[in-house]
Amino acid sequence: MKKKVIWLLGVVSIGAVIWWLFSDDYDRGKPTEFYEIEDGIFVVHNAPYDTLEIKKVIEKFNLETWSIDSLKKYGGGGRLFYRETKYMTRHFKEGDPYDPEYSSWDNTQDYRNHFKDILMTTSYSINPVGDGDCYYRYWLYWNYWNNIDAKYDNEVEIVFYNLDSLYCAKKKEYGIED
């Protein structure tokens with residue numbers, strides 16, 4: 001009897017671990033895709049759940065699509081990334097009605113309804129004079145317990161003096177050819 005209980009607990013534990021590992025909708029066999037829904041705001045389809053993987057995927061996307069010339073011209077820039085969900089989709093347009101219905105009380109698409117869907121924010125701040133510190137900042141908003149106050153815990157700031165050197169180092173880190 002004791003062996004059967006131990007065996008049953010082992011099977012249940014293994015099943016729980018397998019369910020936990022494969023319960024999200026991320027598919028490693030499919031590419032992660034980015035859809036710009038507004039200037040500087042993106043919805044990420046098939047985004048990983050692991051914080052480090054989110055960082056890698058988004059940084060690589062930024063390096064491939066955000067030109068150095070544009071960042072220099074405007075003194076920096078920022079981007080916001082949301083996970084694609086049932087209601088935060090690549091067709092999201094603030095002010096339009098949700099389809100399918102989000103709420104019978106207020107069915108208007110609103111970014112405030114999707115705070116928990118934010119994956120990451122990235123920004124560059126470039127000193128126009130060129131003799132001071134410049135910053136690359138990113139915030140990973142991932143929090144397993146959906147505690148809004150803790151969503152800012154993962155802020156990282158990198159000080160740099162030359163954007164070209166930073167881009168070159170980051171591209172090398174991610175294996176991106178120029």
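A residue is called buried when its relative accessible area is under 20%, exposed when that area is over 50%, and partly exposed in between, as judged with a 1.4 Å probe and with protein chains only. At 59% relative accessibility, Trp7 therefore counts as exposed. This is a predicted model, in which local features need pLDDT of at least 70 and side-chain atom pairs count only at pLDDT 80 or more, while totals for chains, interfaces and linings use all residues. Residues are numbered from 1 along each chain as its sequence is written, and side-chain values use heavy atoms, with hydrogens and water left out.

We can begin with the overall picture. Helices (H or I, at least four residues) and strands (E, at least two) are DSSP runs, numbered from the N terminus. By this count, the protein chain has four helices and six strands, and reading along the sequence gives the pattern α-β-β-α-α-β-β-β-β-α. Of the 178 residues in the chain, 37% are buried. Contact means heavy atoms within 4.5 Å; among the contacts with a separation of 6 or more, 53% are accounted for by residues 24 or more positions apart. Accessible areas come from the Shrake-Rupley method with a 1.4 Å probe, and for residues only the protein chains shown count as cover. The chain's accessible surface comes to about 11,800 Å², and 54% of this belongs to carbon and sulfur atoms.

Next comes the sheet. Strands of a sheet pair through backbone hydrogen bonds, either parallel or antiparallel. Here two strands are taken to pair if DSSP finds at least two bridges between them. The six strands form an open sheet with mixed pairing, in the order β1-β2-β3-β4-β5-β6. Because β1 (33–38) and β6 (154–160) stand at the edges with a single partner strand each, one side of each is left without a neighbour in the sheet. On average, neighbouring strands of this sheet are turned by 20° against each other, direction ignored. Such angles use axes that are lines fitted to C-alpha atoms, for helices over the stretch in contact, and run from 0 to 180 degrees between N-to-C directions.

Val156 belongs to strand β6 and is partly exposed, its relative accessible area being 29%. Beyond its neighbours within four places in sequence, Val156 is in contact with Tyr136, Arg137 and Tyr138. Val156 and Thr122 are 34 residues apart in sequence, and their C-alpha atoms are 9.7 Å apart in space.

Helix α2 (residues 51–65) lies across β1, β2 (41–45), β3 (76–83), β4 (118–125) and β5, and runs at about 45° to β4. Helix α4 (residues 163–174) also packs on the sheet, where it touches β4, β5 and β6, and its direction makes about 125° with that of β6.

Which residues make a nonpolar surface patch of about 330 Å²? They are Trp7, Leu8 and Val11, and Trp7 has its place in helix α1 (residues 2–22). Patches are made of residues with over 30% relative accessible area and no salt bridge, like charges being joined within 9 Å and nonpolar side chains (Val, Leu, Ile, Met, Phe, Trp, Tyr) within 5 Å.

Finally, charged side chains meet in several places. A salt bridge is a side-chain nitrogen of Lys or Arg within 4 Å of a carboxyl oxygen of Asp or Glu, and a search of the whole structure finds eight of them. In one, Glu157 and Arg137 meet at 2.6 Å, N to O. Glu157 lies in strand β6 and Arg137 in strand β5, so the pair ties together parts that are 20 residues apart in sequence. These two residues are also bridge partners between the strands. Another salt bridge joins Arg90 and Glu84 (3.0 Å, N to O); Arg90 is partly exposed at 29% relative accessibility, whereas Glu84 is buried at 15%. Lys170 forms a salt bridge with Glu173, with the closest N and O atoms 3.7 Å apart. Being three residues apart in helix α4, Lys170 and Glu173 are separated by about one helical turn. Salt bridges that share partners join Lys55, Glu59, Lys170 and Glu173 into one network.
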